[in-house]
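Welcome! Take a moment to look over the chain and its ligand, and then let's walk through the fold together.

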Amino acid sequence: MSASVDAIDRAATVRRIAAEAGAVRVAIADASASQVTYDELAASFARGDLATWGFGETYARKASDPCAILPGARSVICVAIPYARFERDRANIEDVPLRGRVSNYAWSNDYHQYVRALLGRIARALDADAGAPVTRVVCDTAPLAERAFARASGLGWIGKHTNLIAPGLGSFVFLGEIVTTLDLACDAPLKKTCGACTRCVVTCPTGALRGDYTIDATRCISDLTQRTDAIPRALRPLVGDWLWGCDLCGLACPPTRNAGAAIDPAFAPKHESLAAPGLLDILAMRSATYKRLYRETAMGWRGAAILRRNAAVVLGNMLDRATVPALATGLERDPHALVRGHIAWALGRIGSPAAARALAQAATLERDDSVLEEIAAARIASD
Ligand code: B12
């Protein structure tokens with residue numbers, strides 16, 4: 001059914017207001033519950049792709065229906081915000097040894113605040129224009145399949161890495177939505193796919209991307225660095241030097257590479273060491289320092305112990321014997337069993353005589369069963 005003249009006029013007003021508020025790219029989708037999205041989400045959860053997130057039937061139902069967020073919703077206003085910084089900002093520190101990599105989405109102040117503030121400006125203007133509350137802002141504040149509605153709005157297409165690719169901006173874009181009861185003329189989905197390109201699929205070290213536009217997120221390095229329990233041992237070597245998140249699928253994606261860096265200074269690294277922090281500093285870092293350095297960033301919500309665990313894995317992958325004393329100290333003193341267990345793994349992987357001595361000593365002192373199990377496995381691995 002074609003949109004009414006009023007709906008077309010209102011959509012034009014939304015675009016003007018969004019542009020004035022600073023939105024780089026805006027498109028509008030119908031807010032009807034989407035059966036296709038429900039089916040996609042349900043199939044993904046049934047395969048166990050999001051097992052670490054505990055998503056299920058209820059989430060799939062809600063996330064595919066904007067009316068669950070705002071009863072009477074008619075339209076979803078979707079925005080894409082480019083954040084790409086690429087390796088350029090990391091270049092000045094990359095020759096310093098023993099640094100881990102942080103995904104470029106987490107280099108600046110937490111994007112949620114930026115996106116919510118931008119959407120808030122648009123929503124307030126729309127509410128004022130309507131003379132009543134007609135909006136609900138969404139950016140990780142309510143269950144919504146953000147990529148699916150962004151795709152339906154024509155904001156971009158979903159790539160084989162499962163990220164939305166906005167033409168000219170690539171996939172390093174954050175998504176945000178305003179669900180509204182306003183009846184707005186919708187935009188059409190793009191008729192675009194990745195075609196024969198499989199660069200992201202072959203680049204992913206863990207084989208998380210299947211090539212059919214789905215992902216086993218339990219293998220995604222981004223997920224591995226954010227989960228709160230142990231990183232599966234078989235996957236630890238594949239994490240490489242990623243301390244938090246991962247950019248590999250995006251960096252391999254031609255439309256993302258061709259898009260260049262975002263110009264908004266809001267996404268510049270907050271401080272120099274954020275793009276590639278020193279691993280030995282992270283291994284010794286406690287909560288107070290973590291809060292000071294990372295609380296305001298997108299890596300500031302999981303806690304210092306998760307970063308120490310990740311640093312242990314990256315150090316294990318670097319195979320540098322000079323790091324053994326620091327790892328041995330961590331194995332003896334770190335207050336978290338999860339961290340000590342991963343340090344044991346790292347020492348086993350490095351496998352030097354000093355690492356073996358540290359493991360042997362820890363085997364006599366450690367009381368936690370899960371760490372003892374890691375120590376035993378590490379000693380076998382380094383034999
Ligand atoms: C859980 C989560 C993760 C998990 C799982 C990722 C995943 N692929 O599902 C982990 C921790 C791995 C993760 C990683 C990242 N994430 Co994340 N994540 C989310 C979150 C909170 C939920 C995603 C979800 O529900 N996944 C379940 C799957 C099944 O659904 P989906 O991927 O959203 O959508 C699929 C279906 O909708 C389906 N579909 C539905 N209808 C249709 C129709 C057609 C025709 C087709 C083909 C498909 C289709 O296709 C989609 C792609 O598979 C969203 C925010 C949100 N509420 O949406 C952010 C979000 C997806 N993440 C985001 C980002 C930036 C990232 C990272 C790039 C961060 C990083 N550098 O480390 C990586 C990218 C990894 C990757 N290749 O996906 C952005 C993505 C922006 C974009 N351009 O797409 C989001 C939207 C946050 C935001 N507001 O900007 N993330």
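The domain bounds used here come from an automatic or database domain assignment. With those bounds, the chain is divided into domain 1 (1–267) and domain 2 (278–383). Keep in mind as you read that this is a predicted model.

**The two domains**
- The C-alpha centres of domain 1 and domain 2 are 33 Å apart.
- Where the domains touch, domain 1 contributes 22 residues and domain 2 contributes 25 residues.
- On the side of domain 1 that touches domain 2, α7 and β8 (242–244) are the elements that give two or more residues.
- That side of domain 1 is made up of 11 nonpolar, 6 polar and 5 charged residues.

**The sheet and its helices**
- Four strands form an open sheet in the order β1-β2-β7-β4, and their pairing is antiparallel.
- β1 (25–30) and β4 (135–138) are the edge strands, so each pairs on one side only.
- On average, neighbouring strands of this sheet are turned by 25° against each other, direction ignored.
- β1 is joined to β2 (residues 75–82) by 6 bridges, and R25 stands opposite A80 in β2.
- Helix α1 (residues 5–21) packs on the sheet and touches β1 and β2.
- Helix α4 (residues 111–130) also packs on the sheet, touching β2, β4 and β7, and its direction makes about 30° with that of β7.

**Around the ligand**
- The ligand is surrounded by 38 residues, and the closest are S44, E146, A148, S222 and G245.
- Which element supplies the largest share of this shell? It is α2, with 5 residues.
- By class, the shell holds 20 nonpolar, 11 polar and 7 charged residues.

Key. Residues are numbered from 1 along each chain as its sequence is written. This is a predicted model: local features need pLDDT of at least 70, side-chain atom pairs count only at pLDDT 80 or more; totals for chains, interfaces and linings use all residues. A residue is near a molecule or strand if its C-beta atom, placed from the backbone, lies within 6 Å of it. Ala, Val, Leu, Ile, Met, Phe, Trp, Tyr, Cys and Pro count as nonpolar, Asp, Glu, Lys and Arg as charged, and the others, Gly among them, as polar. Two residues are in contact if their C-beta atoms, placed from the backbone, lie within 7 Å. Two strands pair if DSSP finds at least two bridges between them. Axes are lines fitted to C-alpha atoms, for helices over the stretch in contact, and angles run from 0 to 180 degrees between N-to-C directions.
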